Amino acid sequence: MSQWSLIYEDFEPTKEKRREALCTLGNGYFATRGAAPEVDANDVHYPGTYLAGGYNRLVSRIAGRDVENEDLVNMPNWLPLTFRRVGGAWFDLQQVEVLAYRQELDLKQGVLLRNLRFKDAQGHVTRLASRCLVHMQQPHLAALETTLTAENWSGRIEIRTALDGRIINDGVARYRGLGNRHLEWLETRLLDAETLLLRVRTSQSHIEVVQAAATRLWANDQPLAGERQAREEPGYIGQLIALDIAEETPLVIEKIVSLHSSKDRATSECGLEAVESIARAGRFRDLLQSHVLAWGHLWGRFDMGLGMREPEPGLTTVLVLRLHIFHLLQTVSLHTMDLDAGVPARGLHGEAYRGHVFWDELFIFPFLSLRLPEITRALLMYRYRRLDEARAAARKAGYDGAMYPWQSGSDGREETQRLHLNPKSGRWISDKSNLQRHVNAAIAYNVWQYFQVTQDMEFLSFYGAVMILEVARFWASMATYNEELERYEILGVMGPDEYHDAYPDSERPGLDNNAYTNVMAVWVLCRALEVLDLLPRERRQELSETLALRQEELERWDDVSRRMRVVFHDDGIISQFEHYERLQEFDWDGYRKKYGDIQRLDRVLDAEDDTPNRYQVSKQADVLMLFYLFSSEELGDIFRRLDYPFEYDTIPKNIDYYLKRTSHGSTLSRVTHSWVLARSDREGSWRLFAEALMSDVEDIQDGTTPEGIHLGAMASTVDMMQRAYTGIEVRGGVLWLNPRLPRTIENLCLHVHYRDKSLTLTISGDLLTVEVAGVTPELIKIGFKNDIHELRHGQTKEFTL
Ligand code: BGC
């Protein structure tokens, strides 16, 4: 397998939806699943096109209740293109004899290629070669080029090209009981002999989307007109093009598509824009050239070099990492800077989690911030614009400050559904995951990390600081004082481990003193106090007045940040939450024997009428998240501030304890565990990393990838290379480096962008080389071992490991 291409050499109907997700093409503005152009949605295929921020709400009646859900809408399908010999059947891969099959996702060029050779029932052999792209430089354009070659026949054929808006959101089986018809048809029109136009609108959010498609034909580079016949019906416009095909004369069919929406900027009316941009688009080969150039620029910034010690059979590590970078950049790109869009946990690749935005940003931003921090800034602005909604949510729940939702969509209200279906038992279960208030800490953490890497004081002054301050306020108001213990507590929440949402047999939702939440709250309060000092005096004054920050309030923040409660077990283990140790030990071996795969233990237990709430089991890292986010120095400081012990063996003891109790029911889990083990257990860490790497390419959760990729896992596996193995940490204005490669990796080379400088880091053998580029004269401080070195642009320095 090439290091740049994902290649499939057979057609496997049962894996087709997974491949469609993995072969999605996108540019941050919109994305289209890699479905074959000739197919409709059915058991094998699921075409999908999603617009960043393209949400719509529907109310469904379930079990006597109205349930409202907001979904990322599956927009009209622009792909449809197929053919038949006149009098024969429309091309269907499952009805012909496939003589050769190859599908290739070329990551370097951002092109999906398909090469088929097949024989129909009458013995006609045909070759089909197609190339598809969603333009990375011109975000409103996509293009499909199909070349048909009749090998042993000639005759009349019909080509069918269309824009299909009769689309519902049907990509996730367990949502099928809920409303899924989001699109209203507004207009179909033939713009000229070759160009179709379709206009739809989402039913509630009233986003208009217009697509225009020009289909043109060539043989020997001469245009062919064909005999065209339009077909229109509500929500659909197509054309049949009849023409003669000659043996061994390739027929090239180009379908160029423009897509505009009423949410766009610099737009008068999206229909006009779609017409304009299709008229200006040019031919496939021109579009390909500028598209490949844009990808070349992105790879220049985002690629990494990796030398493995041993040759790898099958999918190589570097290929999968590139695939992950590719999908990340197709979901959020340079175009995101101009959009009001967050980063959906499952990309723009499917409908799982309804396209909502979670805390997964925490796993995604570090990679982006050290490469193209402008993208992180744009995504943080998505949160900033929803600050008022978060303030309203806090007030409604009886708190001060801002309380961001666990799941966020269009306007920042809580989108977590209150009921969800367990596909194993067929039962509706109440969902309390909105109690994961820790998402607020993640947002503050993300703002802070972005600032550390960029020193973007303008962002911090006008947007970032207020988010940190309002989240700090929320934590301070949520913390209650326990007189007896003389400690503050946070009660009734959920930590990242979603298997626990209440105490066994308790009616009261949530758990008390989740260690991760409490420590993160302390960290946010400390940063809030620090951020005020960092701001220019005038801005600090303005902000303090606007937010009516009083001295007593700051004193309370300080007090809470010193006396927050963290619960420990007798043997010094940090308790995931209060009384965790009283839960029953779980029979891991027994359940593994009985069920095999028990990653989703919650579903297994629910089907047995049981609940994980009764056991010491975790879906994913919870306490261990602390070791993922903070260095031992930082954690030591926090625990000292709280006057709790933080012994030298705290970290390994806790890792050992919780790792044994985790089922990795979230794809975020393995990579977090791999990260925390990276220095102490290199083999164990690499094993988990290798599994995390396969999360989507092998769909290790058995059925979730078809519904969308796992962007958090994708980004964090790449970030493992970038930060865990280089030991990058930004602390006190110094970029600390502390490389330690896994034994499987011989050398690693990557570029990072840090405070207006580009650094190339190369780790090979026992040498670390740092090369500094950039134009600004300021020196950059690099920390290595215990020394700080000042480097200027143009300088290269070697460090012996
Ligand atoms: C995980 C969450 C995550 C969400 C979206 C869930 O399965 O438990 O931590 O935010 O998926 O990726």
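Start by selecting residues 515–534, which make up helix 10. At 1.5 Å a residue, its 20 residues should span 28 Å, and the end C-alpha atoms do sit 28 Å apart, so expectation and model agree. Bear in mind as you click around that this is a predicted model.

Keep helix 10 selected and colour by accessibility. How many of its 20 residues are buried? The count is 17, so helix 10 is largely enclosed by the rest of the structure.

Next, hop over to helix 4, residues 317–331, and pick out Arg322. Is Arg322 buried or exposed? Its relative accessible area is 10%, and because the cut-off for buried is under 20%, Arg322 counts as buried. Now show what surrounds it: leaving aside neighbours within four places in sequence, Arg322 is in contact with Gln3, Trp4, Leu107, Trp299, Asp303 and Met304.

Zoom out for the domains. The domain assignment of the protein chain gives domain 1 as 5–298 and domain 2 as 725–801.

Look for an open sheet of 4 strands, ordered 24-25-29-30, with mixed pairing. Which strands stand at the edges? Those are strand 24 (729–731) and strand 30 (787–791); each has a single partner strand, so one side of each is left without a neighbour in the sheet. From one strand to the next, the twist averages 35°.

Finish on strand 24 and strand 25 (residues 734–737), which pair in the antiparallel sense over 3 bridges. Click Arg731 and then its bridge partner in strand 25, Val734.

Definitions and conventions. Residues numbered from 1 in each chain as written. Predicted model: local features only at pLDDT ≥ 70, side-chain atom pairs only at ≥ 80, totals over all residues. Heavy atoms only, no water. Domains from an automatic or database assignment. Helix = DSSP H or I, 4+ residues; strand = E, 2+ residues; numbered from the N terminus. Buried < 20%, exposed > 50% of the residue type's maximum accessible area, 1.4 Å probe, protein only. Contact = heavy atoms within 4.5 Å. Expected span 1.5 Å × (residues − 1). Pairing = 2+ DSSP bridges. Axes fitted to C-alpha atoms, helices over the stretch in contact; angles between N-to-C directions.
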